[in-house]
Amino acid sequence: MKIVSVVGARPNFMKVAPFCRALKAYPEVQHILVHTGQHYDVRMSEQFFKELDIPNPDINLEIGSGTHAEQVGRTMIAFEKVLKAENPDWVVVLGDVNATCACSITAKKEHIKCAHIEAGLRSRDMDMPEEINRLVTDRLSDLLLTPDRLSSANLKAEGVPDEKIKFVGNIMIDTLEREREKAAGLDINEIISENLIDEEIAAKSAKAAKISLKDRGYVAMTMHRPSNVDQRETLVPAMRFFLDEVSKEYPIVWAIHPRAQKMLKEFGLWDEVVANENMILVKPLGYHAMLRLNMGARLFMTDSGGLQEECCVLGTPCLTMRWNTERPITLMENGGASILVGNAVEKIREAYKSQIDATRRPSRPELWDGHTAERIAECIVKGI
Ligand code: UD1
């Protein structure tokens, strides 16, 4: 059997790592790993391959940045050539990034079976590029591997036949369980000093020297979604809250995404953010460093779906800066650690006040047990 798996952007890498490992139990399987090259910076890509022991991609399509149509179009053109040359039995796609959508379409047009890992998630927000990717991929896939029962129910409600849906658990938690001990051994202040962004070091080397964080003594943050960072009307008030209120109480460690950095500069906020003593700007972090940051954070403010899930398992109170989520299983009302706060300051402030002194409440949804990849490999290889 020949399987081609596709990754494109950062959130795919922690999901493919356990799958590559699980396939090793089947020597009869020839596994070809394709990287579309959507994320290409060392810190957004290569670093994860090294840290998580992912085999080097057999093929890199090098599609790089661009508009959605450019990324999807270039990926389809390049991936079609791969499929014609390799003619695999299965194409396996993960998550909801542009590579997921582009490669599922290409596979089906080449009459190749497609399996989707992390199927069935729905935000029902058609303004999210990821939601479009999820809908297209799930509509086309032959095997829909879901992380929770809510996702299976979404697919059933859309008319997907039962035999195509397999509830297997959350593959990202396989990686978390495998790596958490290593992450726990890292020193948070070393992580910060090794990852400060260049401007931070240049602007205030004094600040860098003074940073001395303790567990539960800081707030962690990531923010990268176009809906949060691309418009002045939403980014500026949120930043005022972080700068004028949160950073007065606790240091904020912000692992800043290239898109957020670009928009802060465009809206004239960059210098103030860099100058703030309690805003600690770090580059995109590696897997273990981010896990360690999460383990010690008093609170996480994020718009990332993956971090929402990791906060759930680690129990870190999480303010999810979105109005909806495709991962309702992580919400407090369903036993998780996350509250949806959107991007309105009053809502963020209210949730911040209610959670900043809350204790950790780790929770583990059904089958988030560290063995999802084995179940997936069995489904695909043995056809069950
Ligand atoms: C993508 C995913 C999103 C995921 C996120 C995690 C889609 C539709 N979106 O969004 O689901 O949560 O990754 O990071 O696939 N850039 C770099 N270096 C890189 C990659 C990108 O500087 O290695 C820059 C690009 O030039 C661009 C910006 O970052 O300006 C956004 O990159 P892009 O890949 O288009 O989407 P993300 O916002 O990262």
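Let's start with one side chain: that of Thr-302 reaches the backbone nitrogen of Ser-304 at 3.0 Å. That is a polar contact, meaning a pair of N or O atoms within 3.5 Å; within protein, one must be able to donate a hydrogen and the other to accept it, and residues adjacent in sequence count only if both atoms are side-chain atoms.

A word on the source. This is a predicted model, where local features need pLDDT of at least 70, side-chain atom pairs count only at pLDDT 80 or more, and totals for chains, interfaces and linings use all residues. Residues are numbered from 1 along each chain as its sequence is written, and side-chain values use heavy atoms, with hydrogens and water left out.

Back to Thr-302. Is Thr-302 buried or exposed? Buried, with a relative accessible area of 0%. Buried means under 20% relative accessible area (1.4 Å probe, protein chains only). Leaving aside residues up to four places away in sequence, Thr-302 touches Thr-222, Leu-307, Cys-318, Leu-319, Thr-320 and Met-321. Contact here means heavy atoms within 4.5 Å.

Now the ligand. There are 19 residues around the ligand, and His-39, Tyr-40, Asp-41, Ser-65 and Glu-130 come nearest. To count as near, a residue needs a heavy atom within 4 Å.

Which distances do the polar atoms give? An N or O atom in the Ser-65 side chain is 2.8 Å from a ligand oxygen atom. For the His-257 side chain, the distance to an oxygen atom of the ligand is 3.0 Å. For a polar side-chain atom of Arg-10, it is 3.4 Å.

Key. Buried < 20%, exposed > 50% of the residue type's maximum accessible area, 1.4 Å probe, protein only.
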